[in-house]
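Here is a short report on one protein. Please look over the sequence and the model before reading on.

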Amino acid sequence: MKRISLLLMAVLLLAISFSCNKENQAGGNSGNYGDLAIFWGSDEYTVEAGQSVAMAFTVVGTEGAAVKCTPSVNDADFTCKIKVNPDYTGIVTVTAPDIVLSKKRLTVTLLVKDNGHNREAIEEVPLVANKSEDLAVEFAADIKSMAAKAGSSFEIPFVIKGQGSATLKSKSVTLSDGWAASTTWPTAENPTGSIEVTAPATLTNSLNVKINITDNFNRNAQLDETIGIVPIEPVAGAANCFIVAPGSTLTINAVKGNSAEKLDFDNAGLIWQDNNGMVRSVSGNGTEKVVVVALASGKSGNALVCARKGDEIVWSWHLWVTDYNPNDDPFVWTNTETSKSYTFMDRNLGAMSNAQKDWTSFGLFYQWGRKDPFVSSTGGLESSVETKLYDIDGNKLETKCFPRGGPEQRPVGRRLRYQDHL
């Protein structure tokens, strides 16, 4: 009886051993491997619309076994890619769509499987997807006024922001009564659109422009701007610098310097003025190739105006706004050897007076190779107080100095023969 019991026990042990070996051969966990674990590089990640985020991870406990890593995100509009290194560190890259209508809180999941030993691990990490840039339509530059004459045309550049991969399902342009518009809409190849505006037979002093757009995500955007209309006056001769009386209007021939080369531009603006409120408006007309500057009465000083293509400056002009007339009391010097006479102004270019030892007679500073002037300090040669500069809205502009070389390269005031240079 005892022999039979021992025999039955031996058979049982053999069966258990065979069962364990069979389980190991079938891929079961032999018990020699620990648990798998996943560690993310951060507790939370953030991605912007249309952008990608790299999410680092580490898998531990592989102990030399071959494991498979599979990422996923719980929103079908987001895509996942994974790169796994031999040591089972890696990066999950999640890419957001161009259009995210509202801020989202998502979950990225990484599943790690060791099929050879019936092991797996799963770990989640939060992902915040920020809202897309709002759909918007704007002028391509800070356009406050345009120059026109009856029946003439000009272009107003504009851009659409935040469109991404969306398409416009409706779009329209509306102008004030009597004004006509022909619109070229932005494309991927040319992101700046333009409205070709034709003036009525009788000019109005302002123009209202409305642009309405709706995309295939039902996002709406509107531009509703009123800009001033300045009549084109008789055109001045070509120059880089103009003497202009306070309260007057100057129409600049928009060419490069004293040449006949016409500029390619669509609007105009003020770069700076040293007397706040002196420049009332700067208006361009790229079709007529003119820039019209209107000045306030009773204000003198200096200003720099420009022609722009969109918001890019293509050329600039210095305006010396003063009651001074060089022809009233010119300074004439004659070379006794050649008997040739030269006529000079009695003050520096840009000066507000010709009083000796007075800082208002210093005028502007110039540097070789630069056609545009620098303003001098306020209060004298020893003063370090910068002349204040303003934009068209009266905001004070910050100035920066970029020293180059030694004192010999410092800009200096100069007195010009006005016949040759103005």
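## Cores and cysteines

The largest nonpolar core in this predicted model has 27 residues. W40, M55, F78, V94, V108, V112 and L127 have the most contacts inside it. A nonpolar core is a set of buried Ala, Val, Leu, Ile, Met, Phe, Trp, Tyr and Cys residues joined through side-chain atoms within 4.5 Å. Buried means under 20% relative accessible area, exposed means over 50%, and partly exposed lies in between (1.4 Å probe, protein chains only).

Another core, of 25 residues, lies apart from the largest one. Among its residues are V137, L175, W185 and I213.

The protein has two helices and 27 strands. These are DSSP runs, numbered from the N terminus: helices are H or I with at least four residues, strands are E with at least two. Buried residues make up 39% of the 422 residues.

Zero disulfides turn up in a search of the whole structure. A disulfide is a pair of cysteine sulfur atoms within 2.5 Å. C80 is partly exposed, at 24% relative accessible area. C306 is buried, at 2% relative accessibility.

Residues are numbered from 1 along each chain as its sequence is written. In this predicted model, local features need pLDDT of at least 70, side-chain atom pairs count only at pLDDT 80 or more, and totals for chains, interfaces and linings use all residues, while side-chain values use heavy atoms, leaving out hydrogens and water.
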